[in-house]
Amino acid sequence: MKFADLELIVVLSEEGTMSKASERLFVSQPALSQRLHAIELEWNAKLFVRSRRGVMLTAEGERIEKFARSTLERMAETRAELRAHASEIYGTLKLAVSSVNGQYWLPNVLKTFVDEYPHVRISLATGWSSEVLKQIYRGECQAAIVRGTPNWSGGKLHLFSDPLQFVDSKITRLEELNVDDRPYVQFRSDSSYDQVIQNWWHSQNLRPPSRTILVDQIETCKQMVTHGIGYAVLPSISLTEQDRVQRIPLQDHQGRAIVRDNWLLYDQKATRLKQVHAFIELVKRGLFS
C-alpha cells in the first residue's frame, strides 16, 4: 500500500466526509472516491459506509485505519531520526589490516576514530598482507592497511616507512654471527618479508643460521630474543624502549636503511560512504598534522 493510500484512510476517518477529506488532500471528490474504491479492492474489504452525515468506518475499516495510522506515525518518527542524524556519521566501517599494523599501529588510530564517531560500527579482519590484499581485491573490505609494495590501482596513501632491525640480547656487531651457533628466531610472515631478509643476509656475506625456530607471533619472537635463546630481525614498530635487546639497523650496500613501507588502500567508490571518508580523512590528519 502506498503512502498516499494510508494517508487517505486516516484523513477520511478523521474528517468524516468526502468533501472535507478531498479538500485536505487537495484532490477532487470523484478522484477520492476512485482511490478509495481501488484500496477496498486491494484489501477485498469494505472500509467505509456512507450515511446522510458522511462516512463511517466498518469493523474491517477500523482495523486497517489503525494499521495505516501506526505506519504513518512510524514513518514520521523515522524521518525525524534521519533528519536529526543527517550530520552524524554511522554505518559499518569494514577494515582489513596486516597483523603487524593491527597490533602496533592501528589501536591508537582506531581509538581516536571511535571517540570521534561513536555511532560507526567496526568490522576488522587481520592477517598477512597478502591475505589482506586478496580481501580488498574481492571487495570484502572498504579499506586495507598493508606492508610492502602492493599492486593496487585504487586509492592509495603512504603511511610510514618501518626500518628493519637485527635484534639480539648480546650481539653488537654482525660479524659475531659467524661464530654464534644459537638459532635464528623467525616469526611467520609473508614470503615477501622473508625474501627481503634473505636478500640482506646474503648481501652481508653472513653465515646462514645453523638452526631456525619458527613462531607465530612477533611478541613470542621478542621474548625468545630477550631471554637469549636466539636472534631475530624485527620491524622497528614492534620495538619499544623497554625491550632489553641490542639493535642493529639493516642497511643496503649504499648504507640506506632497509624498510617496509606501509599503505592505506581503499576503493574510490567506497569513499562515498561517510564512515569510510571519515576514516581516511582522520588518517590523513594524523599524517600531515
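Buried means under 20% relative accessible area, exposed over 50%, and partly exposed in between (1.4 Å probe, protein chains only). The model is predicted: local features need pLDDT of at least 70, side-chain atom pairs count only at pLDDT 80 or more, and totals for chains, interfaces and linings use all residues. Residues are numbered from 1 along each chain as its sequence is written, and side-chain values use heavy atoms, with hydrogens and water left out.

**View 1. A nonpolar surface patch includes Met1**. Met1 is partly exposed, because its relative accessibility is 36%. Met1 sits in the segment before α1 (3–15). Helices (H or I, at least four residues) and strands (E, at least two) are DSSP runs, numbered from the N terminus. Together, Met1, Trp43 and Phe67 have about 270 Å² of accessible area, computed by the Shrake-Rupley method with a 1.4 Å probe, only the protein chains shown counting as cover for residues. Patches take residues with over 30% relative accessible area and no salt bridge; like charges are joined within 9 Å, nonpolar side chains (Val, Leu, Ile, Met, Phe, Trp, Tyr) within 5 Å.

**View 2. Glu14 and Arg69 form a salt bridge**. A salt bridge is a side-chain nitrogen of Lys or Arg within 4 Å of a carboxyl oxygen of Asp or Glu. Here the N to O distance is 2.9 Å. Glu14 belongs to helix α1 and Arg69 to helix α4 (residues 59–84), 55 residues apart. Glu14 is partly exposed, at 39% relative accessible area. Arg69 is partly exposed too, at 28%.

View 3. Asp180 and Arg182 are both buried. Arg207 lies in the loop between α8 and β8 (212–215), and Asp181 in the loop between β6 and β7. Arg207 is partly exposed, at 32% relative accessibility.

**View 4. The largest nonpolar core has 28 residues**. Such a core is a set of buried Ala, Val, Leu, Ile, Met, Phe, Trp, Tyr and Cys residues joined through side-chain atoms within 4.5 Å. Phe166, Leu177, Val233 and Leu234 touch the most other members. Helix α8 gives the most to this core, with four residues.
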